Amino acid sequence: MLNPKQQSCLDACLACAVTCNQCFDGCLKESDVKMMADCIRLDRDCSTICFTAASFISANSQFAADVCALCAKICEACAAECEKHADHHEHCRKCAEACRKCAEECRKMAA
């Protein structure tokens, strides 16, 4: 059984991973995909680390805090990139929000 802090972080990680994948897909559909390349790469990295963090949390791994620290760092980078496009692309706005929330929860887990 997970404690409330673990559950909150797990939920945020899963939500962020899904939102990053949706942003990744949305970016691929934009007319200027080359302009979205950094966003696409960060979406991919962020989704991967979020799913990984969720796995470590759910397994109650002794390394969950370490993975969450890295997850927070990648989420912040993804959010910063998505925010550059948030005024024009709804998927980027939603992704930036999910990334900021996940980073906050992961920092709590890493503490």
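The structure is a predicted model, in which local features need pLDDT of at least 70, side-chain atom pairs count only at pLDDT 80 or more, and totals for chains, interfaces and linings use all residues. Residues are numbered from 1 along each chain as its sequence is written, and side-chain values use heavy atoms, with hydrogens and water left out. Helices are DSSP runs of H or I with at least four residues, strands are runs of E with at least two, and both are numbered from the N terminus.

**Packing of α2 and α4**

- Two packed helices are described by the angle between their axes and the distance between the axes.
- Helix α2 spans residues 37-58, and helix α4 spans residues 90-110.
- The two helices, α2 and α4, pack at about 35° with axes 12 Å apart; axes are lines fitted to C-alpha atoms, for helices over the stretch in contact, and angles run from 0 to 180 degrees between N-to-C directions.
- The α2 and α4 crossing is left-handed, meaning that the near helix is turned anticlockwise from the far one by less than a right angle; clockwise would be right-handed.
- From α2, the residues C39, D43, C46, C50 and I57 meet C92, C95, C99, C102 and M109 of α4.

**Salt bridges**

- The whole structure has 11 salt bridges, each defined as a side-chain nitrogen of Lys or Arg within 4 Å of a carboxyl oxygen of Asp or Glu.
- Relative accessible area sorts residues into buried (under 20%), exposed (over 50%) and partly exposed (in between), using a 1.4 Å probe and protein chains only.
- K29 counts as exposed because its relative accessibility is 65%, while D25 counts as partly exposed at 35%.
- Another salt bridge joins R100 and E76 at 2.0 Å, N to O. This pair links distant parts of the chain, since R100 is in helix α4 and E76 is in helix α3 (residues 64-85), 24 residues apart. Both ends are partly exposed: R100 has 30% relative accessibility and E76 has 24%.
- E104 and K108 form a salt bridge at 3.7 Å, N to O. These two residues are four residues apart in helix α4, so about one helical turn separates them. E104 is partly exposed at 41%, and K108 is partly exposed at 40%.
- Salt bridges with shared partners also join E76, E83, R100 and R107 into one network.

**Nonpolar surface patch**

- L14, V18 and F51 make up a nonpolar patch on the surface, with about 240 Å² of accessible area together. Areas come from the Shrake-Rupley method with a 1.4 Å probe, and for residues only the protein chains shown count as cover.
- Patch residues have over 30% relative accessible area and no salt bridge; nonpolar side chains (Val, Leu, Ile, Met, Phe, Trp, Tyr) are joined within 5 Å and like charges within 9 Å.
- F51 is in helix α2 and is partly exposed, at 39%.

**Pairs far apart in sequence**

- L2 lies in the segment before α1 (4-28) and is partly exposed, at 24%.
- The C-alpha atoms of L2 and N60 are 7.8 Å apart, although 58 residues separate them along the chain.
- Beyond its neighbours within four places in sequence, L2 is in contact (heavy atoms within 4.5 Å) with Q7, L10, I57 and S58.
- R44 is in helix α2 and is partly exposed, at 45%. R44 and C78 are 34 residues apart in sequence and 9.4 Å apart in space, C-alpha to C-alpha.
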